[in-house]
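Please follow this explanation with the model in view.

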Amino acid sequence: MLPISEKPQGRRKSLFSRLKHQTRLLIFFLVLCNSWTFIYWTVDSTIKEKSFRQQLETQSVQNNREERFKILNTTEKAVATEQDSVTESRREAIKSAFVHTWNGYMKYAYPHDELKPVSKTASDAFGGLGTTIIDSIDTILIMGLEEAYETCKKFVESVNFKKDYDASTFETTIRILGGLLSAYDLTDENIFLEKAKEI
């Protein structure tokens with residue numbers, strides 16, 4: 001028998017190997033995400049910088065510093081104006097698409113959970129709670145559609161959550177509870193908070 005001091009000792013486990021498998025995966029995932037974020041940021045910055053340099057070269061900016069800053073300021077203002085008009089046209093296209101789908105829902109499926117657009121019929125797949133209405137309130141508020149908002153608010157005031165129904169806990173949480181809480185956050189109207197408590 002070996003003396004105590006001479007007993008062979010097993011390899012000590014590293015801190016990483018002592019972590020649970022899920023924890024190791026989480027650490028690996030976080031490191032991977034951070035790496036991709038850094039790579040994306042680096043590539044994006046490089047592309048923007050290259051584009052900026054090409055812009056300066058095409059304008060034949062001389063070494064005169066004042067001239068360079070004048071051209072740069074003019075270019076930045078022109079690009080900002082162009083981007084504003086593009087952004088506004090995109091915003092209007094998105095709003096128009098939303099209004100189109102909202103009108104389809106109101107025509108064929110109100111007050112049911114969702115519209116089946118091909119058959120133009122309604123479905124109560126989430127318990128018949130008017131999921132689309134409640135889930136759309138925050139978008140309607142952000143887009144400034146006041147008439148649609150008033151319709152949604154009246155529906156919320158009349159909806160009855162105290163009934164037996166089959167529904168997904170996940171969908172009810174993110175679409176009904178989430179919709180009510182976001183509507184409350186955007187309007188400070190207590191009806192949304194009260195209905196969120198009720199569900």
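Helix 4 bends by about 45° at I137, where the bend is the angle between axes fitted to the seven residues ending at a residue and the seven starting there. Helices here are DSSP runs (H or I, at least four residues), numbered from the N terminus. This is a predicted model, in which local features need pLDDT of at least 70, side-chain atom pairs count only at pLDDT 80 or more, and totals for chains, interfaces and linings use all residues. Residues are numbered from 1 along each chain as its sequence is written, and side-chain values use heavy atoms, with hydrogens and water left out.

The 13 residues of helix 4 (residues 131-143) should span 18 Å at 1.5 Å a residue, and its end C-alpha atoms are 19 Å apart, which agrees; the expected span is 1.5 Å times one less than the number of residues. I137 is among the buried residues of this helix, as are T131 and M143. Buried means under 20% relative accessible area (1.4 Å probe, protein chains only). Just after helix 4, G144 takes a positive phi of about 75°.

The whole structure holds four aromatic pairs. Rings of Phe, Tyr and Trp (its six-membered ring) pair if their centres lie within 6.5 Å; planes under 30 degrees apart count as stacked, over 60 as edge-to-face and the rest as tilted. The ring centres of F98 and W102 are 6.3 Å apart and their planes are at 10°, so this pair is stacked. Both residues lie in helix 3 (residues 65-108), four residues apart, about one turn of the helix. Ring pairs link F98, W102 and Y105 into a cluster.

Conventions:
Helix = DSSP H or I, 4+ residues; strand = E, 2+ residues; numbered from the N terminus. Buried < 20%, exposed > 50% of the residue type's maximum accessible area, 1.4 Å probe, protein only.
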